[in-house]
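This briefing summarises the fold, the surface and selected residues of the structure shown below. The points are grouped by topic.

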Amino acid sequence: MILAQVVGTVVSTRKDTGLVGLKLLLVREVDGAFKPAGNYVVAADAVGAGSDELVMVAQGSSARMTEVSREKPVDAVIVGIVDVIEMAGKDVYLKRSGAVS
């Protein structure tokens, strides 16, 4: 899995029937400071993520293992919304305030 930030919504009126009904979001991998810095990825949303949220994204065959994405033509799916990240006993990310100094 990767950590990414939701940066937008993707709307596609013409698509494979397997994608009909899926909420598609544009996410971007984050750096060590939890700021968008990596690749952009279109991901199906399995958890109701919103704009600017830090999310966990499963890719590849693992992306097709959620209830929302099973048997669907997806390569990336948002599987979680991050509330807290702790490293070495300290909170380094809090959803309500972002990265902690």
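**Lysine 90 and the overall model**

Lysine 90 is exposed, as its relative accessible area is 61%; by the criterion applied, buried means under 20% relative accessible area, exposed over 50%, and partly exposed in between (1.4 Å probe, protein chains only). The model is predicted: local features need pLDDT of at least 70 and side-chain atom pairs count only at pLDDT 80 or more, whereas totals for chains, interfaces and linings use all residues. Residues are numbered from 1 along each chain as its sequence is written, and side-chain values use heavy atoms, with hydrogens and water left out.

**Lysine 90 in context**

- Lysine 90 belongs to strand β7.
- Between the C-alpha atoms of lysine 90 and valine 100, which are 10 residues apart along the chain, the separation is 9.2 Å.

**Fold and dimensions**

- The protein chain contains eight strands and zero helices; both element types are DSSP runs numbered from the N terminus, helices being H or I with at least four residues and strands being E with at least two.
- Read from the N terminus, the order of elements is β-β-β-β-β-β-β-β.
- Along the principal axes, the C-alpha atoms of the protein chain fill a box of roughly 45 × 25 × 20 Å.
- Of the contacts between residues at least 6 apart in sequence, 46% join residues at least 24 apart, where a contact means heavy atoms within 4.5 Å.

**Surface and charge**

- Buried residues make up 35% of the 101 residues of the protein chain.
- The protein chain exposes about 6100 Å², of which carbon and sulfur atoms supply 51%; accessible areas come from the Shrake-Rupley method with a 1.4 Å probe, and for residues only the protein chains shown count as cover.
- There are 11 positive and 12 negative side chains, and the centres of these two sets lie 4 Å apart.
- In this count Lys and Arg are positive and Asp and Glu negative, while His and the chain ends are not counted; each charge is placed at NZ of Lys, CZ of Arg, CG of Asp or CD of Glu.

**The aromatic pair**

- The structure holds one aromatic pair.
- Phenylalanine 34 and tyrosine 93 have ring centres 5.5 Å apart and planes at 55°, so the pair is tilted.
- Rings of Phe, Tyr and Trp (its six-membered ring) pair if their centres lie within 6.5 Å; planes under 30 degrees apart count as stacked, over 60 as edge-to-face and the rest as tilted.
- Because phenylalanine 34 lies in the loop between β2 (24–30) and β3 (36–45) and tyrosine 93 in strand β7 (residues 90–94), the pair ties together parts that are 59 residues apart in sequence.
- Phenylalanine 34 counts as buried at 15% relative accessibility, and tyrosine 93 counts as buried at 8%.

**Backbone points with positive phi**

- Phenylalanine 34 has a positive phi of about 65° although it is not a glycine.
- Alanine 88, also not a glycine, has a positive phi of about 50°.
- Alanine 88 is located in the loop between β6 (84–87) and β7 and counts as exposed at 81% relative accessibility.

**Glutamine 5**

- Glutamine 5 is part of strand β1 (residues 2–10) and is buried, with a relative accessible area of 16%.
- Leaving aside residues up to four places away in sequence, glutamine 5 touches Leu26, Val27, Arg28, Val30, Pro36, Asp52, Glu53 and Leu54.
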